[in-house]
Amino acid sequence: MYTLDDAERLEVAEVHDLYRTYVNKSQVSLMTSFGFGRELVDHAEGAYLTLRDGRRVLDVTGGVGVLNHGHNHPRILAVRERFARERRMEVHKTYFSPYLAALGHNLAEVLPGDLSMAFLPNSGAEAVEGAVKLAYKYHAGKRGTVLRADCAFHGKLLGSGGLTGQNGFSFPTIPGIDTFAYGDLDSVRAAVGRHPKDVYAILIEPFSASTIQACSEQFLRGLRELCTRQGIVLIFDEIYTGWGKTGSMFHFMRYPGLVPDVVTTSKSFGGGKSSVSAYVAREPVFRKAYDNLGDSLLNSTSTTYYGFGEECATALEAINIAVEDDYPARARALEAVLEPGLNRLAKEYPDAIGRVAGAGALWGVFLDGGPRILDLVAKLAPGGMARDPRFKAKLVTCAVISALYEDHDIFAYYTLNGRNPLILGPSLVTEPGEAERVVDALGTVLERGLGRLVTRFIKQKVSSQW
């Protein structure tokens, strides 16, 4: 058996072998194609990774939404160390938790209106499923349809996977799912009309982090009015965009007076250290569904890790940091650098950048490369790799990501959904000067030409399996 010391002494080749044997060998083939899968991280702090060879890498992935607080925030570490040192109790359903009670209060304080009743599972997908179950229970099972957007991403569990609108879902899921066009109120009305008096919930991401597009204020307010009129539970998925990421504490909160019936959160809610999520419901909705002696335990204590002590303590501190350090303002400061800088690059390199979109500290650069580059990719790609209809654009984007990493010590990523933009989503402890460095580095990479970048990437990184 390996000990912790043994694990920390493993070399990268040994880690790859163990992954191939016990995790997924295809994952090794995929991740080593980017360059960063060929090295191990020694430690991480703030916005930086330090590799075992001492190389310092600026991480602008933001942990794919998890690391608004950066890596190993000192206040987050201190809370978790204190919890362990004082031997606090993790979980016991027959004792009330002061951490859970305080966390529920803090969520209600941050959110607008009467969004005040919280449920705390482990992951974002569980929060989504819990919110949808709440909506179904609110209607006592008398309605059978839930609506989601065509570009939605809500998770990969059986229920949340079916509620995800992208890339297909080849597993069984919950019944009664129908689809509308993202941001199109007429499409929502048409979907509701197909199921008269049968829609129990509408699920929407006010800002779609996987496709980098946002609903308009007009659409969201129209959706609120429609749901109120039809008695439909309106659920906002803010799992990625919560806690300041797009420049307001939650994206929908930039629109005063707009309140959904339920909002979901996860990712940076746990301060980068805790696996915790929440859905928070308006009091009348929650009480009608679960506030009775027969159902009060159905919602909460039936989940093993609900209210886990250290996780709640960590989330408590994470919220306080986001409020005290004004994370929305930090995101807006990064936007003030990223938005003009990326738009300038789009004008300078129109053959490489199709468009730029984003808000706060979450931006997408859509690299298409034009027909000439894509034809080159088709010729260079090993057999079987071009079956994916988005393969060419993905490969161009991967070539740019690889160059940023190898030549400039900048770690970025691209989304697996939509049009696969390159994502710059720095943590909110990143300084504006570091964002300027990223924009400058991206300009230097693009100046080399996508043809050269793609050729180098294919020759150096891409195996026969994509």
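In this predicted model, strand 5 (residues 145-149) is largely enclosed by the rest of the structure, because 5 of its 5 residues are buried. Thr-145, Leu-147 and Ala-149 point one way from the strand, while Val-146 and Arg-148 point the other way. Burial applies to both groups, Arg-148 included. In a regular strand, side chains alternate between the two faces of the sheet.

Strand 5 has parallel pairings with strand 6 and with strand 7. With strand 7 (residues 199-204), the parallel pairing extends over 4 bridges, and Leu-147 is placed opposite Ile-202 of that strand. With strand 6 (residues 177-180), strand 5 is likewise joined by 4 bridges in the parallel sense; here Val-146 faces Ile-177.

In soluble globular proteins, nonpolar side chains tend to be buried together. When residues up to four places away in sequence are set aside, the residues touched by Ile-202 include Leu-147, Phe-180, Val-188 and Val-192.

Strand 4 (residues 115-119) is mostly covered, with 4 of its 5 residues buried. Its pairing with strand 12 is antiparallel and involves 4 bridges. Within this pairing, Ala-118 has Val-280 of strand 12 as its bridge partner.

Aromatic side chains form 9 pairs in the structure. A pair of aromatic rings is described by the distance of the centres and the angle of the planes. For Trp-243 and Phe-269, the ring centres are 5.9 Å apart and the planes stand at 10 degrees, so this pair is stacked. Trp-243 belongs to the loop between strand 10 (233-237) and strand 11 (262-265), and Phe-269 to the loop between strand 11 and strand 12 (278-282); the pair therefore ties together parts that are 26 residues apart in sequence. Trp-243 and Phe-269 are both buried. These two residues also belong to one aromatic cluster, which is formed with Phe-236, Phe-250 and Phe-252.

Arginine side chains are placed over aromatic rings at two further sites. Arg-55 lies over the face of Tyr-405, at 4.5 Å from the ring centre. Arg-355 is positioned over the face of Phe-366, at 3.9 Å from the ring centre.

An open sheet of 4 strands has the order 1-2-3-15 and mixed pairing. Its edges are strand 1 (41-45) and strand 15 (410-411); each has a single partner strand, so one side of each is left without a neighbour in the sheet. Strand 1 runs antiparallel to strand 2 (residues 48-51), to which 4 bridges join it. Glu-45 has Tyr-48 in strand 2 as its bridge partner. Strands of a sheet pair through backbone hydrogen bonds, either parallel or antiparallel.

How values were computed. Residues are numbered from 1 along each chain as its sequence is written. This is a predicted model: local features need pLDDT of at least 70, side-chain atom pairs count only at pLDDT 80 or more; totals for chains, interfaces and linings use all residues. Side-chain values use heavy atoms; hydrogens and water are left out. Contact means heavy atoms within 4.5 Å. Rings of Phe, Tyr and Trp (its six-membered ring) pair if their centres lie within 6.5 Å; planes under 30 degrees apart count as stacked, over 60 as edge-to-face and the rest as tilted. Helices (H or I, at least four residues) and strands (E, at least two) are DSSP runs, numbered from the N terminus. Buried means under 20% relative accessible area, exposed over 50%, partly exposed in between (1.4 Å probe, protein chains only). A charge sits over a ring if NZ of Lys or CZ of Arg is within 6 Å of the ring centre and within 35 degrees of the ring normal. Two strands pair if DSSP finds at least two bridges between them.
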